[in-house]
Amino acid sequence: MSHDKALHIQTVLVANRGEIALRIMRACREERLKSVAIVTPDEGSPLHSRYADEAVTLVSEQPLGYLDIEAVLRAATESGADAIHPGYGFLAENARFAQACEKAGFVFIGPSAEAISSMGDKVKARAIALRARVPLVPGSDGPVDAGGARAFGDEHGYPIALKASAGGGGRGFRVARSTDDVDEAFAGASGEAERYFGDPTVYVERYLERPRHVEIQIMADSHGNVLGLGERDCSIQRRHQKLIEESPSPVLDEAMRTAMNETAERLAKTVGYVGAGTVEFLVQDDEFFFLEMNTRVQVEHPVTEEVTGIDIVREGLRVAAGKPLSFSQRPELHGHAIECRINAEDPGRNFAPTPGTLTAFSVPAGFGVRVDTGFEAGAAVDPRFDNLIAKFIVWGRDRREALSRLERALDDFEVGGVATTIPLYKALLRAPEFASGDYDTGFLERSGIPERITPFEAPDDETEDGEEIVVKVNGRPYSVTVPPGFGGGSSTSRQPRRSRGASSGHASGGSAVKELKSPIQGTVLSVGVESGATVEIGQLICVVEAMKMENEITAHRAGVVSELNVAAGQSVKMGETIAVIDDAESE
């Protein structure tokens, strides 16, 4: 990216949707830049498309137009954009996309294609980290097959972690706790890596049993300035995916904080990094080890913004325009910030995704409260996309004040029509370990807190009925469904009912209901049994992918699978019968 070209940025196409698209567009407006939204033909007019200065409909034959590089570039050309911001997810860490943008004459607002490629390949990233004198968890020097992973485990000891070379965000990650687990873990990691990243390559590392996941935000410009902006502790996770992030970390002292910032800066300089990025570490027993580098703005970037006062997204726009960083030294951290990801998933049903319409949506407000969202009441959580509804951030002068503010604001947060992670966060606040900051990446799984949350029960059908009307916005017609009584007289809004059971489980003898129904809508990735098989309670029946998550559907009763209605690659709807399990014949 040449400075001359970058200095002429006037219009930015945001190659994303939802809250991150809005976040970028607001920063564009503050920088006096025009923003362009993209939408797929069947999305209607989502919030980000209405906020942008212009919206372009993607023309693509792919199932998900946001992943179609040529379609995105055509939209940029049509709109007259001279720069493209990828946000996070979709094409954000796709080196081929960054290269295609620059080849087509667009400024790619992010690091170079070379940096994305180098740090996106986890095997290459480890080699670069070694050159930069970054501490590493012991691991393989390159890709491995199942035999190589087993040999590593036999030499270094178990457990071991098998990781996708092109992966990130917890995808393509499996743990083998013994030599007997290696084949299954390798198949799972490699298969998921192929589905998500188009690359089945896997490498192996020693698996740390109780680490903290702590990352350093960095900003770098094309003038040689690279600065760390402090840490975020991301150790509250489910399925190796972050749920809560906070800064500063409850466990870092100033010496380790400085060392981690310096290490992240050194790595970024080694790879010639420009833009916003994150270097992730595992911390255990007063040591830290390099995990990966994310070559994009992170979901949790607001946490750092709140404690540093630096607008990371706007800073990225300035850097892309060839300007130096607006700050010249590592900022001090002021106060304490905590972010909760409000996802449309049910903690009481093993975090099953719950797409649907938001029948109610009211966000908290007040001093020290921030909500980044791309949703509003009446909007639909689309199963094709990530299930993040909102990022909910609180700030306090210290952690105690931030926690009390979080508790109040969670009570003020209202979401109707779909399950969310809000009940989980309320329960976490009552856990002594979280309150004290004494937790690690495995805490949530060990705690049993999700299992104690009452499963969500969808609203009765009649509460979702409404009248379809046509409205015009800026002269364009839109078909919308409005609630009963909308616009005339009073109507009663009923909150979704919750089941009274402590879990979605069953008595020790299993459920009397023979039909096993899908709790989610998605695509069957694999089937674990055959028709006629004898199964036990909890035995895997199939794996269903929904909203970027793999969900294991297990037997709700013991017996014989008399009917199996699914196959790999098949789509299933919520409530659809997956299998029928009859009583086993007594001998």
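Predicted model: local features only at pLDDT ≥ 70, side-chain atom pairs only at ≥ 80, totals over all residues.

Guide: Residues are numbered from 1 along each chain as its sequence is written, and side-chain values use heavy atoms, with hydrogens and water left out.

Visitor: In what order do the three strands of the open sheet stand?

Guide: Helices (H or I, at least four residues) and strands (E, at least two) are DSSP runs numbered from the N terminus, and two strands pair if DSSP finds at least two bridges between them. Here the order is S7-S6-S8, with antiparallel pairing. Strands S7 (173-176) and S8 (202-206) are at the edges with a single partner strand each, so one side of each lacks a neighbour in the sheet. S6 (residues 160-164) and S7 are joined over four bridges, and Lys-163 stands opposite Phe-173 in S7.

Visitor: Which helix packs on this sheet?

Guide: Contact means heavy atoms within 4.5 Å. Helix H9 (residues 182-197) touches S6, S7 and S8.

Visitor: At what angle do H5 and H6 pack?

Guide: Axes are lines fitted to C-alpha atoms, for helices over the stretch in contact, and angles between N-to-C directions run from 0 to 180 degrees. For H5 (residues 95-103) and H6 (residues 113-120) the angle is about 175 degrees, and the axes are 8 Å apart. The two helices are therefore roughly antiparallel, a term for angles over 145 degrees. Ala-95, Ala-98 and Gln-99 of H5 meet Ala-113, Ile-116 and Ser-117 of H6.

Visitor: Is Ala-83 buried or exposed?

Guide: Buried means under 20% relative accessible area, exposed over 50%, and partly exposed in between (1.4 Å probe, protein chains only). Ala-83 counts as buried because its relative accessibility is 0%. Ala-83 belongs to strand S4 (residues 83-85). Although 23 residues separate Ala-83 and Phe-106 in sequence, their C-alpha atoms are 4.9 Å apart.

Visitor: Which residues touch the most other members of the largest nonpolar core?

Guide: A nonpolar core is a set of buried Ala, Val, Leu, Ile, Met, Phe, Trp, Tyr and Cys residues joined through side-chain atoms within 4.5 Å. Among the 39 residues of the largest core, these are Ile-389, Phe-392 and Leu-428. Helix H14 (422-429) is one of the elements that supply at least two residues; its share, six residues, is the largest. Another core, of 32 residues, lies apart and includes Cys-28, Tyr-88, Val-274 and Leu-317.

Notes:
Parallel < 35°, antiparallel > 145°, perpendicular 65-115°, else oblique.
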